[in-house]
Amino acid sequence: MQNNVRVRFAPSPTGYLHVGGARTALFNWLHARHTGGTFVLRIEDTDKSRNTSEAVQVIFDSLQWLGLDWDEGPMKGGSAGPYFQSEREAVYQSYFDRLKEGGHLFEDGGAWRFRSPREVVVVDDEICGKIEFDLRSPETHPDMTIRRPDGSWIFHFVNVVDDIEMKITNVIRGEDHLSNTAKHLELFKALGAEPPRYAHIPLILNPDGTKMSKRDQGASMTSYREAGYLPEAVCNYLCLLGWSPKDDREKMDMSEIVKRFELANVNRKNAAFDLDKCTWLNAEYMKDVSDERFQELARAALGRAGVKLDGYAPEYVTAALATCKGKLRVFHDLPAYAGFYFSDAIAYDPVAAEKQFTVENRPRLAAVRSAFAAASCFDAAAVESALKGVAAAMGVKVGVLVHPTRLAVTGAASGPSLYHLLEVLGREKVLERIDRALGAF
RNA sequence: GGCGCAUUCGUCUAGGGGCCUAGGACACAGCCCUCUCAAGGCUGGUACACGGGUUCAAAUCCCGUAUGCGCUGCCA
(Lines give C-alpha, C1' and ligand atoms only; values in the text may rest on other atoms or scores of the structure.)
Protein backbone atom coordinates (compact mmCIF):
# COMPACT_ATOMS: atom_id res chain seq x y z
CA MET A 1 0.00 0.00 0.00
CA GLN A 2 1.48 3.30 -1.05
CA ASN A 3 2.03 5.94 1.54
CA ASN A 4 1.34 9.08 -0.44
CA VAL A 5 -2.40 8.64 -0.67
CA ARG A 6 -4.17 11.97 -0.62
CA VAL A 7 -7.94 12.13 -0.49
CA ARG A 8 -10.24 15.05 0.03
CA PHE A 9 -13.73 15.89 1.12
CA ALA A 10 -14.98 18.92 -0.76
CA PRO A 11 -18.35 20.06 0.53
CA SER A 12 -20.24 23.09 -0.52
CA PRO A 13 -21.52 25.08 2.47
CA THR A 14 -25.25 24.74 2.18
CA GLY A 15 -26.11 25.23 5.82
CA TYR A 16 -26.06 21.60 6.86
CA LEU A 17 -24.06 18.45 6.34
CA HIS A 18 -26.16 15.93 4.47
CA VAL A 19 -26.00 12.35 5.68
CA GLY A 20 -24.75 11.34 2.23
CA GLY A 21 -22.02 13.95 2.44
CA ALA A 22 -21.12 12.74 5.90
CA ARG A 23 -20.71 9.22 4.60
CA THR A 24 -18.59 10.46 1.69
CA ALA A 25 -16.39 12.28 4.19
CA LEU A 26 -16.28 9.16 6.32
CA PHE A 27 -15.19 6.87 3.48
CA ASN A 28 -12.50 9.33 2.45
CA TRP A 29 -11.31 9.56 6.04
CA LEU A 30 -11.33 5.78 6.40
CA HIS A 31 -9.33 5.34 3.22
CA ALA A 32 -6.79 7.89 4.39
CA ARG A 33 -6.46 6.36 7.83
CA HIS A 34 -6.36 2.84 6.46
CA THR A 35 -3.56 3.64 4.04
CA GLY A 36 -1.71 6.09 6.25
CA GLY A 37 -2.52 8.82 3.75
CA THR A 38 -3.65 12.41 4.08
CA PHE A 39 -7.22 13.62 4.43
CA VAL A 40 -7.77 17.07 2.99
CA LEU A 41 -10.79 19.26 3.64
CA ARG A 42 -11.61 21.78 0.95
CA ILE A 43 -14.56 24.12 1.02
CA GLU A 44 -16.20 24.60 -2.37
CA ASP A 45 -17.71 28.00 -1.81
CA THR A 46 -17.65 29.40 -5.32
CA ASP A 47 -21.28 30.38 -5.12
CA LYS A 48 -20.76 33.54 -3.09
CA SER A 49 -24.41 34.40 -2.78
CA ARG A 50 -25.41 31.44 -0.68
CA ASN A 51 -22.28 30.80 1.32
CA THR A 52 -22.07 32.14 4.83
CA SER A 53 -19.55 31.64 7.58
CA GLU A 54 -22.28 29.98 9.65
CA ALA A 55 -22.86 27.46 6.90
CA VAL A 56 -19.16 26.64 6.84
CA GLN A 57 -19.08 26.33 10.59
CA VAL A 58 -21.86 23.75 10.46
CA ILE A 59 -19.64 21.56 8.29
CA PHE A 60 -16.70 21.87 10.65
CA ASP A 61 -18.88 21.12 13.64
CA SER A 62 -20.50 18.10 12.04
CA LEU A 63 -17.20 16.58 10.93
CA GLN A 64 -15.62 17.18 14.30
CA TRP A 65 -18.62 15.74 16.06
CA LEU A 66 -18.28 12.57 14.00
CA GLY A 67 -14.59 12.46 14.83
CA LEU A 68 -13.47 12.93 11.23
CA ASP A 69 -10.39 15.04 11.69
CA TRP A 70 -8.66 16.44 8.62
CA ASP A 71 -4.93 16.69 8.11
CA GLU A 72 -5.00 19.65 5.77
CA GLY A 73 -7.60 22.32 5.36
CA PRO A 74 -9.23 25.20 7.18
CA MET A 75 -7.74 25.81 10.63
CA LYS A 76 -5.16 23.14 9.93
CA GLY A 77 -3.33 24.72 7.07
CA GLY A 78 -1.13 22.74 4.71
CA SER A 79 1.12 23.29 1.74
CA ALA A 80 -1.66 23.25 -0.84
CA GLY A 81 -3.81 26.01 0.63
CA PRO A 82 -5.79 28.11 0.79
CA TYR A 83 -8.54 25.56 1.26
CA PHE A 84 -11.48 27.78 0.47
CA GLN A 85 -12.19 28.01 -3.23
CA SER A 86 -13.27 31.60 -2.74
CA GLU A 87 -9.64 32.37 -1.94
CA ARG A 88 -8.11 30.61 -4.91
CA GLU A 89 -9.01 33.03 -7.66
CA ALA A 90 -5.43 33.40 -8.90
CA VAL A 91 -5.00 29.67 -9.25
CA TYR A 92 -8.12 29.32 -11.34
CA GLN A 93 -7.19 32.29 -13.47
CA SER A 94 -3.83 30.78 -14.35
CA TYR A 95 -5.30 27.41 -15.26
CA PHE A 96 -7.96 29.20 -17.23
CA ASP A 97 -5.27 31.08 -19.15
CA ARG A 98 -3.45 27.87 -19.91
CA LEU A 99 -6.58 26.29 -21.27
CA LYS A 100 -7.32 29.37 -23.30
CA GLU A 101 -3.81 29.52 -24.73
CA GLY A 102 -4.05 25.87 -25.61
CA GLY A 103 -7.13 26.63 -27.67
CA HIS A 104 -9.45 24.59 -25.47
CA LEU A 105 -11.85 27.38 -24.72
CA PHE A 106 -14.37 29.44 -26.60
CA GLU A 107 -16.67 32.22 -25.57
CA ASP A 108 -20.40 31.79 -25.78
CA GLY A 109 -22.68 34.60 -24.75
CA GLY A 110 -20.16 35.93 -22.26
CA ALA A 111 -19.59 32.53 -20.69
CA TRP A 112 -16.55 30.38 -21.37
CA ARG A 113 -16.89 26.82 -22.53
CA PHE A 114 -14.45 23.97 -22.80
CA ARG A 115 -14.24 22.45 -26.25
CA SER A 116 -14.61 18.70 -25.88
CA PRO A 117 -12.05 16.63 -27.80
CA ARG A 118 -14.94 14.40 -28.77
CA GLU A 119 -13.57 11.05 -27.79
CA VAL A 120 -14.67 7.88 -26.11
CA VAL A 121 -13.49 8.23 -22.52
CA VAL A 122 -12.93 5.28 -20.25
CA VAL A 123 -13.48 5.74 -16.55
CA ASP A 124 -11.72 3.06 -14.55
CA ASP A 125 -13.52 3.18 -11.26
CA GLU A 126 -12.35 1.25 -8.21
CA ILE A 127 -15.89 0.43 -7.24
CA CYS A 128 -17.86 0.46 -10.48
CA GLY A 129 -15.21 -0.98 -12.78
CA LYS A 130 -14.32 0.16 -16.30
CA ILE A 131 -17.03 2.25 -17.88
CA GLU A 132 -16.99 3.74 -21.37
CA PHE A 133 -18.55 7.09 -22.06
CA ASP A 134 -18.99 8.11 -25.66
CA LEU A 135 -18.69 11.88 -25.68
CA ARG A 136 -18.39 12.21 -29.43
CA SER A 137 -21.76 13.73 -30.08
CA PRO A 138 -22.26 17.41 -29.20
CA GLU A 139 -25.99 16.76 -29.32
CA THR A 140 -25.94 14.57 -26.23
CA HIS A 141 -22.81 15.98 -24.60
CA PRO A 142 -22.60 19.71 -25.13
CA ASP A 143 -19.33 21.51 -24.38
CA MET A 144 -19.31 22.29 -20.71
CA THR A 145 -19.33 25.78 -19.36
CA ILE A 146 -16.50 26.46 -16.96
CA ARG A 147 -16.92 30.16 -16.29
CA ARG A 148 -19.97 32.36 -16.08
CA PRO A 149 -20.29 35.78 -17.68
CA ASP A 150 -19.83 37.36 -14.26
CA GLY A 151 -16.43 35.71 -13.98
CA SER A 152 -17.39 33.12 -11.39
CA TRP A 153 -16.30 29.51 -11.87
CA ILE A 154 -18.24 26.37 -12.49
CA PHE A 155 -17.80 23.34 -10.26
CA HIS A 156 -16.31 20.99 -12.86
CA PHE A 157 -13.40 23.29 -13.57
CA VAL A 158 -12.41 24.36 -10.06
CA ASN A 159 -12.88 20.87 -8.74
CA VAL A 160 -10.43 19.46 -11.27
CA VAL A 161 -7.97 22.30 -10.85
CA ASP A 162 -7.92 21.89 -7.10
CA ASP A 163 -7.53 18.15 -7.30
CA ILE A 164 -4.46 18.73 -9.48
CA GLU A 165 -3.06 21.48 -7.28
CA MET A 166 -3.69 19.58 -4.09
CA LYS A 167 -2.16 16.44 -5.56
CA ILE A 168 -5.20 14.35 -4.82
CA THR A 169 -4.52 10.70 -5.62
CA ASN A 170 -7.96 9.22 -4.98
CA VAL A 171 -11.30 10.83 -5.53
CA ILE A 172 -13.99 9.14 -3.46
CA ARG A 173 -17.35 10.75 -4.05
CA GLY A 174 -21.03 10.08 -4.58
CA GLU A 175 -22.21 8.13 -7.57
CA ASP A 176 -24.08 11.19 -8.74
CA HIS A 177 -20.72 12.28 -10.13
CA LEU A 178 -20.03 9.14 -12.09
CA SER A 179 -21.30 10.54 -15.37
CA ASN A 180 -19.43 13.78 -14.78
CA THR A 181 -16.17 11.95 -14.44
CA ALA A 182 -15.69 11.53 -18.17
CA LYS A 183 -15.85 15.28 -18.57
CA HIS A 184 -13.41 15.77 -15.74
CA LEU A 185 -11.01 13.37 -17.42
CA GLU A 186 -11.09 15.53 -20.55
CA LEU A 187 -10.07 18.47 -18.42
CA PHE A 188 -7.19 16.60 -16.82
CA LYS A 189 -5.94 15.60 -20.23
CA ALA A 190 -6.16 19.11 -21.64
CA LEU A 191 -4.21 20.37 -18.65
CA GLY A 192 -1.61 17.65 -19.08
CA ALA A 193 -2.25 16.32 -15.61
CA GLU A 194 -2.41 12.76 -14.37
CA PRO A 195 -5.96 12.09 -13.16
CA PRO A 196 -6.57 10.58 -9.73
CA ARG A 197 -8.03 7.14 -9.16
CA TYR A 198 -11.78 7.33 -8.88
CA ALA A 199 -14.13 5.51 -6.55
CA HIS A 200 -17.83 6.33 -6.78
CA ILE A 201 -19.85 5.29 -3.80
CA PRO A 202 -23.58 4.58 -3.86
CA LEU A 203 -26.10 7.11 -2.67
CA ILE A 204 -28.11 7.11 0.53
CA LEU A 205 -31.84 7.20 -0.08
CA ASN A 206 -34.96 7.69 1.99
CA PRO A 207 -36.66 4.55 3.28
CA ASP A 208 -39.07 4.81 0.35
CA GLY A 209 -36.22 4.93 -2.14
CA THR A 210 -36.51 8.57 -3.03
CA LYS A 211 -33.68 11.02 -2.87
CA MET A 212 -33.03 12.47 0.54
CA SER A 213 -33.42 16.16 0.82
CA LYS A 214 -32.74 18.59 3.59
CA ARG A 215 -36.15 18.26 5.18
CA ASP A 216 -36.21 14.48 5.30
CA GLN A 217 -35.80 12.78 8.63
CA GLY A 218 -32.20 11.95 9.32
CA ALA A 219 -30.89 14.00 6.41
CA SER A 220 -28.95 16.55 8.41
CA MET A 221 -26.07 15.60 10.69
CA THR A 222 -27.08 18.34 13.06
CA SER A 223 -30.34 16.55 13.74
CA TYR A 224 -28.51 13.55 15.20
CA ARG A 225 -26.64 15.63 17.65
CA GLU A 226 -29.78 17.47 18.64
CA ALA A 227 -31.69 14.23 19.10
CA GLY A 228 -28.95 13.00 21.36
CA TYR A 229 -27.39 10.30 19.23
CA LEU A 230 -23.85 9.28 20.07
CA PRO A 231 -21.42 10.21 17.31
CA GLU A 232 -19.66 6.87 17.42
CA ALA A 233 -22.97 5.11 16.84
CA VAL A 234 -23.92 7.29 13.90
CA CYS A 235 -20.46 6.84 12.44
CA ASN A 236 -20.63 3.09 12.84
CA TYR A 237 -24.06 2.97 11.24
CA LEU A 238 -22.93 5.06 8.28
CA CYS A 239 -20.05 2.64 7.71
CA LEU A 240 -22.55 -0.17 7.33
CA LEU A 241 -24.40 1.61 4.55
CA GLY A 242 -22.68 0.41 1.41
CA TRP A 243 -19.79 -1.30 3.09
CA SER A 244 -19.56 -4.54 4.99
CA PRO A 245 -16.71 -6.26 6.80
CA LYS A 246 -17.93 -9.49 5.16
CA ASP A 247 -18.28 -11.41 8.37
CA ASP A 248 -21.32 -10.66 10.47
CA ARG A 249 -19.83 -7.96 12.67
CA GLU A 250 -21.84 -4.80 12.94
CA LYS A 251 -20.88 -3.00 16.10
CA MET A 252 -17.27 -2.09 15.60
CA ASP A 253 -15.27 0.79 16.92
CA MET A 254 -13.52 3.10 14.53
CA SER A 255 -10.08 1.64 15.07
CA GLU A 256 -11.34 -1.74 13.96
CA ILE A 257 -13.12 -0.28 10.96
CA VAL A 258 -10.03 1.66 9.95
CA LYS A 259 -8.14 -1.61 9.93
CA ARG A 260 -10.70 -3.48 7.91
CA PHE A 261 -12.01 -0.84 5.54
CA GLU A 262 -11.30 -1.53 1.88
CA LEU A 263 -12.60 0.57 -0.97
CA ALA A 264 -12.88 -2.58 -3.05
CA ASN A 265 -15.48 -3.93 -0.64
CA VAL A 266 -17.82 -1.01 -1.11
CA ASN A 267 -21.15 -1.89 -2.76
CA ARG A 268 -22.49 -0.40 -5.93
CA LYS A 269 -26.07 -0.36 -4.76
CA ASN A 270 -27.82 2.64 -3.28
CA ALA A 271 -28.88 2.13 0.31
CA ALA A 272 -32.08 3.15 2.02
CA PHE A 273 -31.53 4.90 5.31
CA ASP A 274 -33.00 3.03 8.26
CA LEU A 275 -33.33 5.20 11.34
CA ASP A 276 -34.56 2.24 13.39
CA LYS A 277 -31.35 0.38 12.87
CA CYS A 278 -29.29 3.47 13.53
CA THR A 279 -31.21 3.90 16.77
CA TRP A 280 -30.66 0.28 17.70
CA LEU A 281 -26.94 0.68 17.20
CA ASN A 282 -27.08 3.84 19.25
CA ALA A 283 -28.73 1.89 22.06
CA GLU A 284 -25.89 -0.61 21.89
CA TYR A 285 -23.38 2.18 22.31
CA MET A 286 -25.44 3.72 25.11
CA LYS A 287 -24.67 0.66 27.18
CA ASP A 288 -20.97 1.41 26.95
CA VAL A 289 -21.13 5.07 27.86
CA SER A 290 -19.36 5.92 31.09
CA ASP A 291 -21.35 7.28 34.01
CA GLU A 292 -19.65 10.64 33.66
CA ARG A 293 -20.46 11.02 29.99
CA PHE A 294 -23.96 9.75 30.54
CA GLN A 295 -24.59 12.40 33.18
CA GLU A 296 -23.19 15.10 30.98
CA LEU A 297 -25.14 14.14 27.87
CA ALA A 298 -28.30 13.57 29.87
CA ARG A 299 -28.15 17.06 31.36
CA ALA A 300 -27.58 18.50 27.91
CA ALA A 301 -30.60 16.63 26.57
CA LEU A 302 -32.81 17.89 29.38
CA GLY A 303 -31.51 21.38 28.78
CA ARG A 304 -32.42 21.19 25.11
CA ALA A 305 -35.91 20.07 26.07
CA GLY A 306 -36.30 23.04 28.41
CA VAL A 307 -36.29 21.01 31.63
CA LYS A 308 -35.00 23.25 34.40
CA LEU A 309 -32.58 21.64 36.82
CA ASP A 310 -31.65 24.75 38.78
CA GLY A 311 -33.94 24.13 41.73
CA TYR A 312 -32.65 20.65 42.40
CA ALA A 313 -29.65 19.54 44.40
CA PRO A 314 -26.85 18.24 42.18
CA GLU A 315 -26.84 14.92 44.05
CA TYR A 316 -30.55 14.57 43.42
CA VAL A 317 -30.13 15.18 39.70
CA THR A 318 -27.25 12.75 39.51
CA ALA A 319 -29.14 10.06 41.37
CA ALA A 320 -32.25 10.62 39.27
CA LEU A 321 -30.35 10.38 36.00
CA ALA A 322 -28.48 7.32 37.20
CA THR A 323 -31.76 5.40 37.33
CA CYS A 324 -32.17 6.06 33.60
CA LYS A 325 -28.80 4.78 32.51
CA GLY A 326 -29.02 1.72 30.34
CA LYS A 327 -32.71 2.29 29.72
CA LEU A 328 -32.61 4.76 26.86
CA ARG A 329 -32.03 4.21 23.16
CA VAL A 330 -31.48 7.87 22.43
CA PHE A 331 -31.11 10.86 24.74
CA HIS A 332 -34.00 12.44 22.95
CA ASP A 333 -36.25 10.05 24.91
CA LEU A 334 -34.97 11.24 28.27
CA PRO A 335 -37.24 14.23 28.97
CA ALA A 336 -40.35 12.10 28.63
CA TYR A 337 -38.75 9.26 30.55
CA ALA A 338 -37.42 11.20 33.50
CA GLY A 339 -39.54 14.34 33.51
CA PHE A 340 -41.36 13.27 36.68
CA TYR A 341 -38.19 13.81 38.68
CA PHE A 342 -38.14 17.47 37.82
CA SER A 343 -41.76 18.52 37.97
CA ASP A 344 -44.50 17.89 40.49
CA ALA A 345 -47.21 18.44 37.92
CA ILE A 346 -47.75 14.78 37.17
CA ALA A 347 -50.08 14.08 34.28
CA TYR A 348 -51.41 10.54 34.37
CA ASP A 349 -51.24 8.49 31.23
CA PRO A 350 -54.96 8.22 30.42
CA VAL A 351 -54.91 4.61 29.26
CA ALA A 352 -52.94 3.49 32.28
CA ALA A 353 -55.09 5.55 34.63
CA GLU A 354 -58.23 3.87 33.40
CA LYS A 355 -56.65 0.51 34.00
CA GLN A 356 -55.00 1.18 37.35
CA PHE A 357 -57.05 3.76 39.19
CA THR A 358 -59.90 1.38 39.91
CA VAL A 359 -62.08 0.73 42.95
CA GLU A 360 -60.22 -2.43 43.91
CA ASN A 361 -56.83 -0.73 43.51
CA ARG A 362 -57.69 2.22 45.74
CA PRO A 363 -57.38 0.37 49.06
CA ARG A 364 -54.26 -1.34 47.76
CA LEU A 365 -52.57 1.94 46.99
CA ALA A 366 -53.72 3.29 50.34
CA ALA A 367 -52.11 0.30 52.03
CA VAL A 368 -48.90 0.88 50.14
CA ARG A 369 -48.98 4.46 51.32
CA SER A 370 -49.31 3.42 54.95
CA ALA A 371 -46.47 0.95 54.60
CA PHE A 372 -44.28 3.60 53.03
CA ALA A 373 -45.15 6.04 55.78
CA ALA A 374 -44.30 3.46 58.41
CA ALA A 375 -41.05 2.21 56.87
CA SER A 376 -38.04 2.76 59.08
CA CYS A 377 -36.01 4.11 56.21
CA PHE A 378 -36.71 4.85 52.57
CA ASP A 379 -33.99 3.37 50.49
CA ALA A 380 -34.74 1.06 47.56
CA ALA A 381 -34.41 -2.11 49.64
CA ALA A 382 -36.70 -0.82 52.40
CA VAL A 383 -39.26 0.38 49.90
CA GLU A 384 -39.18 -2.96 48.15
CA SER A 385 -39.74 -4.96 51.31
CA ALA A 386 -42.49 -2.58 52.41
CA LEU A 387 -44.28 -3.04 49.13
CA LYS A 388 -43.77 -6.78 49.11
CA GLY A 389 -45.04 -6.93 52.65
CA VAL A 390 -48.28 -5.29 51.60
CA ALA A 391 -48.59 -7.69 48.68
CA ALA A 392 -48.15 -10.67 50.98
CA ALA A 393 -50.61 -9.32 53.54
CA MET A 394 -53.22 -8.67 50.88
CA GLY A 395 -52.55 -11.87 49.02
CA VAL A 396 -51.81 -10.24 45.69
CA LYS A 397 -48.88 -10.38 43.33
CA VAL A 398 -46.32 -7.63 43.62
CA GLY A 399 -47.16 -6.40 40.14
CA VAL A 400 -50.67 -5.57 41.25
CA LEU A 401 -49.22 -2.96 43.59
CA VAL A 402 -46.35 -1.85 41.43
CA HIS A 403 -48.46 -0.56 38.57
CA PRO A 404 -50.75 1.82 40.43
CA THR A 405 -47.86 3.01 42.58
CA ARG A 406 -45.73 3.78 39.56
CA LEU A 407 -48.59 5.56 37.86
CA ALA A 408 -49.35 7.61 40.95
CA VAL A 409 -45.77 8.72 41.38
CA THR A 410 -44.58 9.15 37.78
CA GLY A 411 -47.75 9.43 35.75
CA ALA A 412 -46.44 6.81 33.36
CA ALA A 413 -47.00 3.11 32.84
CA SER A 414 -43.30 2.45 32.50
CA GLY A 415 -40.04 4.02 33.54
CA PRO A 416 -37.00 3.46 35.73
CA SER A 417 -36.90 0.76 38.37
CA LEU A 418 -39.73 1.59 40.76
CA TYR A 419 -37.85 1.00 44.01
CA HIS A 420 -34.90 3.09 42.96
CA LEU A 421 -37.03 5.87 41.64
CA LEU A 422 -38.95 6.00 44.94
CA GLU A 423 -35.72 6.24 46.86
CA VAL A 424 -34.51 9.10 44.73
CA LEU A 425 -37.80 10.94 44.96
CA GLY A 426 -37.82 10.60 48.73
CA ARG A 427 -40.57 9.72 51.13
CA GLU A 428 -42.13 13.14 51.39
CA LYS A 429 -42.67 13.58 47.68
CA VAL A 430 -43.81 10.01 47.22
CA LEU A 431 -46.47 10.24 49.92
CA GLU A 432 -47.64 13.55 48.53
CA ARG A 433 -48.02 12.11 45.07
CA ILE A 434 -49.80 9.02 46.29
CA ASP A 435 -52.23 11.21 48.24
CA ARG A 436 -52.92 13.21 45.16
CA ALA A 437 -53.47 10.06 43.12
CA LEU A 438 -55.84 8.66 45.73
CA GLY A 439 -57.96 11.72 45.05
CA ALA A 440 -57.96 11.02 41.34
CA PHE A 441 -59.69 7.65 41.57
C1' G B 1 -35.72 10.72 -24.91
C1' G B 2 -30.15 9.62 -24.76
C1' C B 3 -26.12 7.77 -21.80
C1' G B 4 -24.53 5.43 -17.26
C1' C B 5 -25.17 2.50 -12.75
C1' A B 6 -27.94 -0.85 -9.98
C1' U B 7 -31.54 -5.12 -8.77
C1' U B 8 -30.82 -11.34 -2.54
C1' C B 9 -36.11 -11.07 3.28
C1' G B 10 -39.96 -4.58 4.55
C1' U B 11 -34.59 -2.45 5.44
C1' C B 12 -28.93 -3.00 5.76
C1' U B 13 -26.18 -7.00 4.09
C1' A B 14 -23.31 -12.29 3.42
C1' G B 15 -22.79 -15.04 -0.96
C1' G B 16 -18.28 -14.71 -6.79
C1' G B 17 -20.91 -22.06 -10.42
C1' G B 18 -21.88 -27.37 -6.49
C1' C B 19 -20.86 -26.05 0.97
C1' C B 20 -27.79 -22.37 -0.42
C1' U B 21 -34.03 -26.79 1.29
C1' A B 22 -29.81 -18.87 0.79
C1' G B 23 -26.51 -16.97 6.50
C1' G B 24 -26.44 -12.49 9.93
C1' A B 25 -28.60 -7.85 11.71
C1' C B 26 -32.73 -4.17 12.28
C1' A B 27 -37.93 -4.24 12.33
C1' C B 28 -42.18 -7.61 13.28
C1' A B 29 -44.82 -11.88 16.06
C1' G B 30 -44.84 -15.49 20.06
C1' C B 31 -42.66 -17.60 24.49
C1' C B 32 -39.19 -17.30 28.80
C1' C B 33 -37.11 -14.00 32.44
C1' U B 34 -38.93 -9.92 35.36
C1' C B 35 -41.21 -4.39 40.07
C1' U B 36 -42.87 -1.58 34.72
C1' C B 37 -40.36 -0.65 30.26
C1' A B 38 -36.15 -1.91 28.05
C1' A B 39 -32.21 -5.43 27.91
C1' G B 40 -31.19 -10.66 27.53
C1' G B 41 -32.54 -15.85 25.95
C1' C B 42 -35.42 -19.01 22.70
C1' U B 43 -38.79 -19.68 18.53
C1' G B 44 -41.30 -18.04 13.96
C1' G B 45 -42.60 -15.78 9.15
C1' U B 46 -40.79 -13.16 4.92
C1' A B 47 -35.92 -12.69 -0.32
C1' C B 48 -32.24 -14.45 -5.11
C1' A B 49 -37.13 -8.69 -10.18
C1' C B 50 -38.81 -11.33 -14.83
C1' G B 51 -37.66 -14.11 -19.42
C1' G B 52 -34.18 -16.58 -22.25
C1' G B 53 -29.51 -18.89 -22.73
C1' U B 54 -24.36 -21.33 -21.17
C1' U B 55 -23.38 -25.69 -17.89
C1' C B 56 -23.87 -32.22 -15.38
C1' A B 57 -24.96 -27.99 -11.95
C1' A B 58 -26.67 -20.68 -11.67
C1' A B 59 -28.50 -16.26 -6.46
C1' U B 60 -23.64 -16.66 -8.63
C1' C B 61 -21.67 -16.31 -15.98
C1' C B 62 -24.06 -14.13 -20.78
C1' C B 63 -28.21 -11.66 -23.37
C1' G B 64 -32.82 -9.27 -23.26
C1' U B 65 -37.11 -6.98 -20.53
C1' A B 66 -38.91 -4.39 -16.36
C1' U B 67 -38.14 -1.25 -12.38
C1' G B 68 -35.24 2.23 -9.47
C1' C B 69 -31.46 5.85 -9.23
C1' G B 70 -27.91 9.22 -11.46
C1' C B 71 -26.12 12.43 -15.38
C1' U B 72 -27.86 15.00 -19.55
C1' G B 73 -27.24 23.23 -16.10
C1' C B 74 -24.05 29.67 -17.00
C1' C B 75 -26.12 23.72 -9.43
C1' A B 76 -22.58 21.26 -6.61
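In which helix does R436 lie? R436 is found in helix α18, which spans residues 427–438; here helices (H or I, at least four residues) and strands (E, at least two) are DSSP runs numbered from the N terminus. With a relative accessibility of 45%, R436 counts as partly exposed, on a scale where buried means under 20% relative accessible area, exposed over 50%, and partly exposed in between (1.4 Å probe, protein chains only). The C-alpha atoms of R436 and I131 are separated by 73 Å, and the two residues are 305 residues apart along the chain.

The model is predicted, so local features need pLDDT of at least 70 and side-chain atom pairs count only at pLDDT 80 or more, while totals for chains, interfaces and linings use all residues. Residues are numbered from 1 along each chain as its sequence is written, chains are lettered from A and ligands numbered from 1 in the order in which they are written, and side-chain values use heavy atoms, with hydrogens and water left out.

Attention can now turn to the strands. An open sheet is formed by three strands in the order β3-β4-β7, with antiparallel pairing; two strands pair if DSSP finds at least two bridges between them. At the edges stand β3 (105–108) and β7 (145–147), each of which pairs on one side only. On average, neighbouring strands of this sheet are turned by 45° against each other, direction ignored, where axes are lines fitted to C-alpha atoms (for helices over the stretch in contact) and angles run from 0 to 180 degrees between N-to-C directions. Four bridges join β3 to β4 (residues 111–114) in the antiparallel sense, and D108 has A111 of β4 as its bridge partner.

Just after α5, G192 takes a positive phi of about 65°.

How does one look for open space in such a model? Rolling a probe the size of a water molecule over the atoms shows where empty space is left. On a 1 Å grid over the protein atoms alone, a cavity is a set of points where a 1.4 Å probe fits but cannot get out, whereas a pocket is an open set with protein on both sides within 12 Å along at least five of seven lines; lining residues have an atom within 4 Å of a point. The largest pocket has a volume of about 900 Å³, a volume being the space filled by probe spheres set on the grid points, which are joined across faces, edges and corners. Its lining has 30 residues, and H18, G20, G21, D176 and H177 lie nearest the centre. Two or more lining residues come from each of β1 (6–9), α1 (19–35), α4 (155–165), β8 (170–174) and β10 (204–205). Helix α1 gives the largest share, four residues. By class, the lining has 14 nonpolar, nine polar and seven charged residues (Ala, Val, Leu, Ile, Met, Phe, Trp, Tyr, Cys and Pro count as nonpolar, Asp, Glu, Lys and Arg as charged, and the others, Gly among them, as polar).

Salt bridges complete the picture. With a salt bridge taken as a side-chain nitrogen of Lys or Arg within 4 Å of a carboxyl oxygen of Asp or Glu, the count comes to 26. One of them joins E72 and R6 (2.9 Å, N to O). This pair links distant parts of the chain, 66 residues apart, with E72 in the loop between α2 (53–66) and α3 (89–101) and R6 in strand β1. E72 is buried at 10% relative accessibility, and R6 is buried at 14%.

A further salt bridge connects R33 and D71 (3.0 Å, N to O). R33 lies in helix α1 and D71 in the loop between α2 and α3, so the pair ties together parts that are 38 residues apart in sequence. Both ends count as partly exposed, R33 at 23% and D71 at 30%.

E89 and R147 also meet in a salt bridge (3.7 Å, N to O). Because E89 lies in helix α3 and R147 in strand β7, this pair ties together parts that are 58 residues apart in sequence. E89 is partly exposed at 38%, whereas R147 is buried at 12%. Finally, a network of salt bridges links R8, R42, E44, R88, D162 and D163.
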